[in-house]
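Please keep the sequence and the structure in view while reading.

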Amino acid sequence: MESTKRRRARSPSPIYKLDDADDSYEPYIPVAQRRQEKLAKLSTLGVNSEKNSATKLQEDLDDREDEQREEETRRERARKERTLLLEAQEVHLKKAAEDSKKTADEKAQEVDAEILEALKSRRKLASDMELAKGIQYTEPLQSSWRPPWYIRERTPYQHQKLRDKYHILVEGEDIPPPIEHFADMKIPEPILEYLRSKRIVSPTPIQLQGIPVAFSGRDIIGIAFTGSGKTLAFCLPLIMMALEEEMKLPLVRGEGPVGIILCPSRELATQTYDNVVTWCASLAKDGKYPQLNALLCIGGISMNDQSHVLNKGLHIVIATPGRLIDMLEKKRFTFNNCKYLCMDEADRMIDLGFEDDVRNIMSFFKNQRQTLLFSATMPEKIQDFAQDSLIKPVLVNVGRAGAANLDVLQVVEYVKQEAKMVYLLECLQKTPPPVIIFSENKNEVDDIQEYLLLKGVEAVAIHGSKTQEERQYAIKSFKSGAKDVMVASGVASKGLDFNEIQHVIIFSMPKEIEDYVHQIGRTGRSGKTGIATTFVNMNTPEQTLLDLKYLLMEAGQKVPPFLSTIDDPRAAQAQRGSLTGCPVCGGLGHGISNCPKLEDAQRRQMASHRTADEGGGY
Ligand SMILES: Nc1ncnc2c1ncn2[C@@H]1O[C@H](COP(=O)(O)OP(=O)(O)OP(=O)(O)O)[C@@H](O)[C@H]1O
């Protein structure tokens, strides 16, 4: 009798094919099929359906043997499946164990890196025309300026030693040397004389490295504390460039500007314009150098008042984006010969919805330009974006971008919402005037001013809903000392340089820590010290409080107990000393995944999409 095994091996199977490489393979034939085959065989041999008992017994044994084999095969398969399942479970458990070994920080860092990667898809900061035509400049703009020979002869080590002395960090190729004295920068004597008269005798760290970089024609990202003299660092190179042009071939009506300075607010543009006009006037004072003409181009003022400037060759324009675009579109002047573009508070300019305006402005340039970006706060995301958009840029960084000015004594106090107004009066006694009070809310700014006026305090108020005249009046009377206190919204927080502010009171803590850094930076300027008192309470978001806590720690300031005791997911990272600022806002108390600024930006973006979808927007 043939064994079942051999019978099976010979049986042709319609389903399985023997694999040549595996002789031991036995195709499986179901019992029912085999029984059918056996019956068919018997019938061909003439055996009728009435089988004899011996044959039947043998068949039963065969069937039982088959069933047993089938059962074994089933068990084997189940065993294999179980093994695979166990293996999968093991892999899963191993991964979970590895994950659990990762600290919360490491997991958060992974999430942050993913979000940052997604954000990197931003378009370059170049004009649409340049992007469309694929124009890509590869070499910096040529400049005729050279450092004096005795500085050029110094070794890279000597340059670095000087940078280290002033805590200047630099990045980039062929970085021009730092220069410790204004006189060695080849600045015309009348300007130096004027600076000396204002007690500006030696350059601050950002000037010491930033001016040589800018004089060399290089694109620059300049980051330094509030009140550290960035304005001079980016205005002087433009004045020198304009002077060179004018001395080569004087500009006539309809020609120019040589360069522009863009500012995020009208007040800041006005202040920068005033500085430029003063420096240009000092240059031309004794007739040795020509007069350079500057134009203030901001909303809310009549440009006709400056028609005398437009009727001459125009050297320098200081502008806010909206009015500048308007003037360019009306062809009141062109950028045909413009080769210098500076953005003050650049991170804010790129960040706060000005990005498209900036691109638009860039599209008016006809030739290569030198681009300069300056700010006290410049989160990593903006730095990366800017680095990609400039030509061989040099990054000059004095202190961590977004760090508070160390000359400001920061006091943070817990004040209940309803007690703020009364406590404000008490707070005003801390120092003599002038004092600035910041609030995030325009109505609150008005309320505070009204309250102070009732209490006999000479206060002015400034916010975005005031008319241009009201804004100018507030700034002028506060600057001149006629008013002791200025109550302001964010408008006045960036870049404005008032004389020796004694005390900044932050009545409502801004959500974004960068705004706080700019606000407290209105005091403690140009080497003087000042106080900043900030009111916080249960309405202040926890992330903001954590940002504040780390900013205080970084600046070596006292951290009040209510800040120390907040639940802090970044405590371990901070203890290891590996805490880095959020790439979006620079805050040290949170990562990108819970960044309030990113949340706000996304909310704004969604709102604008909604408006566009609904056919609105204008
Ligand atoms: N080298 C210097 N020595 C002394 N004072 C200086 C020097 N350079 C500038 N200053 C003065 O320091 C003050 C602050 O300068 P500036 O407004 O340029 O600061 P900033 O860095 O732009 O600040 P912010 O980030 O707040 O805009 C000004 O009053 C300016 O005249």
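## Terms and basis

A residue is called buried if 20 or more other C-beta atoms lie within 10 Å of its own, exposed if 12 or fewer do, and partly exposed in between, with C-beta atoms placed from the backbone. Helices (H or I, at least four residues) and strands (E, at least two) are DSSP runs, numbered from the N terminus.

The model is predicted: local features need pLDDT of at least 70, side-chain atom pairs count only at pLDDT 80 or more, and totals for chains, interfaces and linings use all residues. Residues are numbered from 1 along each chain as its sequence is written.

## Overall composition

The secondary structure of the protein comprises 24 helices and 14 strands. Of its 618 residues, 38% count as buried. Two residues are in contact if their C-beta atoms, placed from the backbone, lie within 7 Å. Among contacts between residues at least 6 apart in sequence, 76% join residues at least 24 apart.

In strand β7 (residues 370-375), six of the six residues are buried. Two strands pair if DSSP finds at least two bridges between them. Strand β2 (residues 220-223) runs parallel to β7 and is joined to it by four bridges, with Ile221 as the bridge partner of Leu373. Strand β6 (residues 340-344) is also parallel to β7, through five bridges, and Leu341 stands opposite Thr371.

Strand β8 (residues 394-398) is largely enclosed by the rest of the structure, because five of its five residues are buried. Val394, Val396 and Val398 point one way, whereas Leu395 and Asn397 point the other way. β8 pairs with β2 in the parallel sense over four bridges, where Ile221 stands opposite Leu395. With strand β1 (residues 168-171), β8 pairs in the antiparallel sense, again over four bridges; here Ile168 stands opposite Val398.

## Helix α13

Which residues of helix α13 (residues 321-329) are buried? They are Pro321, Leu324 and Leu328. Seen down the axis of α13, these residues fall within an arc of 65° (the arc of the directions from the helix axis to the C-beta atoms), so they line one face of the helix. An α-helix has 3.6 residues a turn, so residues three or four places apart point the same way. The buried residues of α13 pack against β3 (259-262), β4 (294-297), β5 (316-319) and α15 (355-362). Just after the helix, Lys331 takes a positive phi of about 60°.

His167 has a positive phi of about 55° although it is not a glycine. His167 is found in the loop between α7 (156-165) and β1, and is exposed, with 10 other C-beta atoms within 10 Å. Glu345, likewise not a glycine, has a positive phi of about 50°. Glu345 is in the loop between β6 and α14 (346-351) and counts as buried, with 25 C-beta neighbours inside 10 Å.

A cis peptide bond joins Gly256 and Pro257, with omega about 10°. The peptide bond from Pro433 to Pro434 is also cis, and its omega is near 0°.
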